[in-house]
Amino acid sequence: MILVLDTKQLRLALATVSRAVPKRSILPILSHVLVTSSDDSATLTCTDLNTYIVRRIPAEVVAPGSASFNARDLLTIADDFAGSLTLDATGLIATENFTSVLPVLPAEEFPKVAPLFEGPPLVTYSGEAFADTLAQVLA
């Protein structure tokens, strides 16, 4: 896996998904974020085994694949840089002026996320209609 990601989008996604990372865990994999690439995006997943948080962000996928990185370490690096960041499955992280290697655990060790449902969406609701409905409920 080799991805080129925008650090701002990575930072926001990591801030969201890392809420599921437990403060203390006897399973090292639970302190990690699973990064999986698809056609033109990266999916970030964290869990404490009770809650799964998944976020997808745009990415330039040079080579598809997946790996898990320590969530806090990756967030620290994303916080410190602007622009694009290259991330690969060996743990190599590079920006224009910085290169480092993070420890990586195999993606196969990450707990599997059970799909909520398979097939097309059951309901499609526009953002505008949802906002109108929410405003009526909160009024």
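Which residue in β8 is the bridge partner of Thr86? Keep that in mind as you walk through this predicted model.

**Stop 1: the sheet.** Start by selecting the five strands of the open sheet, which come in the order β5-β1-β7-β8-β9 with antiparallel pairing. At the edges you will find β5 (60-63) and β9 (99-101), each pairing on one side only. Look along the sheet and you can follow its twist, which averages 20° from one strand to the next.

**Stop 2**

**Stop 3: β1, β7 and β8.** Zoom in on β1 and β7, antiparallel strands joined by five bridges. Select Leu3 and you can find its bridge partner in β7, Leu87. Leu87 also stands opposite Ile93 in β8. Next, show residues 84-88 (β7) and 92-94 (β8), an antiparallel pair with two bridges. Here is the reply to the opening question: Thr86 has Ala94 as its bridge partner in β8. Between these two strands the hairpin has three residues, and Gly91 takes a positive phi near 100°.

**Stop 4: a nonpolar patch.** Finally, switch to a surface view and select Leu122, Val123, Tyr125, Phe130, Leu134, Val137 and Leu138, which make a nonpolar surface patch of about 830 Å². Click on Tyr125, in the loop between β10 (104-105) and α3 (127-138). Is Tyr125 buried, partly exposed or exposed? Tyr125 counts as partly exposed because its relative accessibility is 48%, and that class lies between under 20% for buried and over 50% for exposed.

Technical notes: Residues are numbered from 1 along each chain as its sequence is written. This is a predicted model: local features need pLDDT of at least 70, side-chain atom pairs count only at pLDDT 80 or more; totals for chains, interfaces and linings use all residues. Side-chain values use heavy atoms; hydrogens and water are left out. Two strands pair if DSSP finds at least two bridges between them. Helices (H or I, at least four residues) and strands (E, at least two) are DSSP runs, numbered from the N terminus. Axes are lines fitted to C-alpha atoms, for helices over the stretch in contact, and angles run from 0 to 180 degrees between N-to-C directions. Patches are made of residues with over 30% relative accessible area and no salt bridge: like charges are joined within 9 Å, nonpolar side chains (Val, Leu, Ile, Met, Phe, Trp, Tyr) within 5 Å. Accessible areas come from the Shrake-Rupley method with a 1.4 Å probe; for residues, only the protein chains shown count as cover. A salt bridge is a side-chain nitrogen of Lys or Arg within 4 Å of a carboxyl oxygen of Asp or Glu. Buried means under 20% relative accessible area, exposed over 50%, partly exposed in between (1.4 Å probe, protein chains only).
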